[in-house]
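Hi,

Here's the structure I promised to pass on.

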Amino acid sequence: MAAPMWWLPPLLRCRPRFPAARGPGHGQARRISTEVVVQGQSQATGGEEADSEVSARIKTFTEVQAEGLEQAQKTVLISYPTGISEKSILQYLSHHGRINNYFFYKGHGHHAMVEFSEKESIGSLQDVAQIAGSSVPGIPFKSRLFTLTPRQSLGQALDETSVPNYQHPTIPMEDLVQKLCCADSISSQLYCLVNEYQLTEESMKLRFLACSLIQDIARAYFPECVVKPFGSSVSTFGKLGCDLDMFLDFDEIGKSPTPKKTDPFHVEYQIKRMPSERAATQKILSVIGDCIANFSPGCTHIQKILDARCPLMRFFHQPTGFQCDLTANNRVALRSSELLYIYGNLDSRVRALVFGIRCWARTHGITSGTSGPWITNFSLTMMVLFFLQKRKPPILPTLADLKNLADAEDKHVIGGHDCTFVSNLNKINQTENTETLDVLLNEFFEYFGNFDFSSKSINIREGKEHNKPEPSPLYIQNPFEQALNISANVNQNQLDRFVVLARECAWILQQVNQDHGQEGGKQPWGLAAILVPRVISSKKKKAKSMLASARLKALLDSLRADIANKKGERAFSSWSLK
């Protein structure tokens, strides 16, 4: 079966992908056209004309970041009480400027995310906004989070239907399994899973908005800084409800204007000197963390984790519902996100296989939402990429191949680490490999169920196994900081669990042709079968029983032959095998 055209949210899209199947990042959203709201205006289409001009290519990671950040700067988040209609909110906000985009959702209360065509529209709204009454003590910080309350009773002012309450961000596992059972192939099952779990356009916009709101806080101290999302949020592998990683970027501050040769003096800012770059990062994050804790509305549960290898600030952003990690001076991680973005955009099978393996791993406790000895999603993704590089012919190029395609603008050396690779996906040739996901999913489990983890390491830079440089149970080389093992946390027990489950799943998937279609399609099969722990448990017993029986038969045959040679066939007449 031919794979359907692969998908990216419209925010990232330059050509059709999978259709968006679900609503905003933390539930579904209700959206209506502003054409029925604003007389004489129609809803702006955003970048449709620009998208049509680049329909023949995929946007670069930098273009996606720049577009998302620009849109976020023109966006506000509105909180309002139950009973206010969408129409009345949009009618009011349209008086401050044309609305480009909007959606409504319910998380911690009712919210509307509204993107204006012009940034000046936010200033117009701020001009009429008031600080909460003096009867309630508070910090008078003017953010882009607003609350709308009607001046008259709700019964007189409003007559429209309220926003529906959607509580579940993702489909329950049992419902997903039932849906997968109705698919006609494992490939279809994997694409179905992607459509259910991938980040939606609304969730992407909320993530960029959350970064932009934190940027407003940081710019009180560093006016030219930028807060960018990285990690799963922008790598194309993000799942609904995943954490939001933020990068506090001071790159623009460090860029100095070229002095005129005729200037009589060289002018420099006086700055606070620190003993190391790490110490400077810790100090900056500590101060920004205090500002977020004390001044930013809706930010709770602030934690300063400054002694980590990569210092960070962790907090919960209540208006958007995201658990956030803010880091600075972490440009290698940003390049890693871009690398994953490129791999995820090269072939539709990449994202489908990564989503499927990650879902399987989480279902069986191979990965975990807490720190510990478990395999991480990033490590699993590296394993999938490595596996796809090893196919004949390769489905994905190695990092070394991508570096060879890079030009001068793509060159990046960060902290002495070579992070160079091509950013323009249109320079990368498409693979000639036509294997289906039905084959690839089974082969993934076969490959790593028999991989020599005891002596070999995984390296996507070269697409080859290497001898381990250290005796870690699982060794996956960091693609950029090559002396680091990204899976150093994994212990032997967790690796053994992965190998055992991989072998079991390979056995289960080999039964697809026998089991598919039994019990009227109600029996889990293919991907659905390996997502159900009890199915694997029963299959495991059956597999072990068959294996034990085969070993016993071989042993008895060996004994029979030995006895026959020594005492003759009569000595073995009482033995039988049932």
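**Where two helices meet**

In helix α7, Leu190, Tyr191, Leu193, Val194 and Tyr197 meet Ser348, Arg349, Arg351, Ala352, Phe355, Gly356 and Cys359 of α12. "Meet" here is about contact, which is heavy atoms within 4.5 Å. Helices (H or I, at least four residues) and strands (E, at least two) are DSSP runs, numbered from the N terminus.

Before going on, a word on where this comes from: it's a predicted model, where local features need pLDDT of at least 70, side-chain atom pairs count only at pLDDT 80 or more, and totals for chains, interfaces and linings use all residues. Residues are numbered from 1 along each chain as its sequence is written, and side-chain values use heavy atoms, with hydrogens and water left out.

Back to those helices: α7 (residues 186-197) and α12 (residues 348-363) pack at an angle of about 75°, with their axes 9 Å apart. So α7 is roughly perpendicular to α12. The axes are lines fitted to C-alpha atoms, for helices over the stretch in contact, and angles run from 0 to 180 degrees between N-to-C directions. Angles under 35 degrees count as roughly parallel, over 145 as roughly antiparallel, 65 to 115 as roughly perpendicular and the rest as oblique.

Is Arg349 of that helix pair buried or exposed? Arg349 sits in helix α12 and is buried, at 8% relative accessibility. (Buried means under 20% relative accessible area, exposed over 50%, partly exposed in between, with a 1.4 Å probe and protein chains only.) Leaving out residues up to four places away in sequence, Arg349 touches Tyr191, Ile395, Thr431, Asn433, Thr434, Glu435, Leu437 and Leu440.

**Rings**

The whole structure has 19 aromatic pairs. Rings of Phe, Tyr and Trp (its six-membered ring) pair if their centres lie within 6.5 Å; planes under 30 degrees apart count as stacked, over 60 as edge-to-face and the rest as tilted. Take Phe61 and Tyr341: their ring centres are 5.6 Å apart and their planes are at 65°, so this pair is edge-to-face. It links distant parts of the chain, with Phe61 in helix α2 (residues 61-73) and Tyr341 in helix α11 (residues 331-346), 280 residues apart. Phe61 is buried at 5%, and Tyr341 is buried at 0%.

Phe444 and Phe445 are also edge-to-face, 5.6 Å centre to centre with 75° between the planes. Both are buried, and they belong to an aromatic cluster that includes Trp360, Phe387 and Tyr447.

Some rings have a charge over them (NZ of Lys or CZ of Arg within 6 Å of the ring centre and within 35 degrees of the ring normal). Lys239 lies over the face of Tyr197, 4.7 Å from the ring centre, and Arg335 over that of Phe421, at 4.0 Å.

**Cysteines**

How many disulfides did the search find? Zero, in the whole structure; a disulfide is a pair of cysteine sulfur atoms within 2.5 Å. For Cys182, the closest cysteine sulfur is in Cys181, 6.7 Å away, so it's too far for a bond. Cys182 is exposed at 68%, whereas Cys419 is buried at 0%.

**Overall**

The protein has 19 helices and 13 strands, and 48% of its 578 residues count as buried.

Cheers
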